[in-house]
Amino acid sequence: MEMIVLSNAKRKVTAENRGPKKDINGNRVATFFVVLVLVVIAVMSLKGSYISTELAFYNYVRPVLLPVLALATAAAAALWIIRRQKKMDERGMVLSASLMTCISGELLLVVLLYPFLSTTRLLVSLLGCALLFFIYYLYPRTFFGYSVCTVLGALALSSFRMGGGVLGLVLPTALAAVMLVLLAVMLFAPASRLGCALGADEDEKLPLIVTAALLLAGLVVGFVMPSLIFYAVVLLAASFLVFAIIHTLRMI
């Protein structure tokens with residue numbers, strides 16, 4: 001009887017501690033979402049503006065923003081690493097070092113890729129990064145590593161032969177190969193240091209197998225029949241959506 005009372009008390013304390021943490025994570029996600037909406041509006045406004053306005057941004061504003069945002073991202077990332085090494089508690093901070101790193105990194109990504117990508121590709125890349133941010137804060141860590149591999153793998157496949165030439169083959173292939181290696185680590189060595197860092201779980205092998213198979217098939221399609229690469233990306237996105245729904249239902 002006493003053990004049951006202690007167990008119930010422990011559950012109550014855990015639930016009370018989990019509540020404020022969910023509130024803080026919700027505030028972080030809301031903050032990031034506001035920044036994301038403002039960035040999307042700015043990108044669409046610039047891309048749809050007069051050529052003179054876009055040239056002014058490219059020639060005068062972008063050269064200043066690039067080093068400033070690069071330094072801000074590096075400083076925030078360094079602060080994040082230092083706080084983790086010192087085991088500083090950020091659970092009560094809405095504007096944590098990780099959030100500052102994500103926001104500055106998001107802005108750096110937009111400014112860096114702005115001249116090279118169309119509006120659609122730029123927004124898709126931005127939303128992919130935002131999706132990983134939401135998963136990091138709202139879902140179990142075991143789902144995060146799988147999500148990184150899936151999102152970046154889909155980005156690699158969708159960039160296959162983009163712009164033509166050697167780079168259109170080498171860069172997407174290299175990125176997809178790295179994602180396949182990470183999936184293999186999570187699948188075959190979940191207890192390793194890298195596997196633990198990626199949030200690998202020995203009981204969650206099916207999503208890893210499906211994603212690895214679709215990535216490998218997508219690479220083959222990219223080389224043999226690049227016109228069908230769109231369907232490989234759709235299949236990868238569909239499988240991710242299915243597993244995301246399953247994880248969401250488990251959290252309810």
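**Exercise 1.** How are α5 and α9 oriented to each other: roughly parallel or roughly antiparallel?

*Solution.* A quick note before we start: this is a predicted model, where local features need pLDDT of at least 70, side-chain atom pairs count only at pLDDT 80 or more, and totals for chains, interfaces and linings use all residues. Residues are numbered from 1 along each chain as its sequence is written, and side-chain values use heavy atoms, with hydrogens and water left out.

Step 1: find the helices, α5 at residues 141-158 and α9 at residues 229-251. Helices here are DSSP runs (H or I, at least four residues), and strands are too (E, at least two).

Step 2: get the angle. The two pack at about 165 degrees, with axes 9 Å apart; axes are lines fitted to C-alpha atoms over the stretch in contact, and angles run from 0 to 180 degrees between N-to-C directions.

Step 3: apply the cut-offs (under 35 degrees roughly parallel, over 145 roughly antiparallel, 65 to 115 roughly perpendicular, the rest oblique). So α5 and α9 are roughly antiparallel.

**Exercise 2.** Work out which residues of α5 and α9 make the contact, and sort them by class.

*Solution.* Step 1: look for heavy atoms within 4.5 Å, which is what contact means. From α5 you get F143, Y146, S147, T150, G153, A154, L157 and S158. On the α9 side sit I229, A232, V233, L236, S239, F240, F243, A244 and H247.

Step 1: sort them. Ala, Val, Leu, Ile, Met, Phe, Trp, Tyr, Cys and Pro go down as nonpolar, Asp, Glu, Lys and Arg as charged, and the others, Gly among them, as polar. The tally is 11 nonpolar, six polar and no charged residues.
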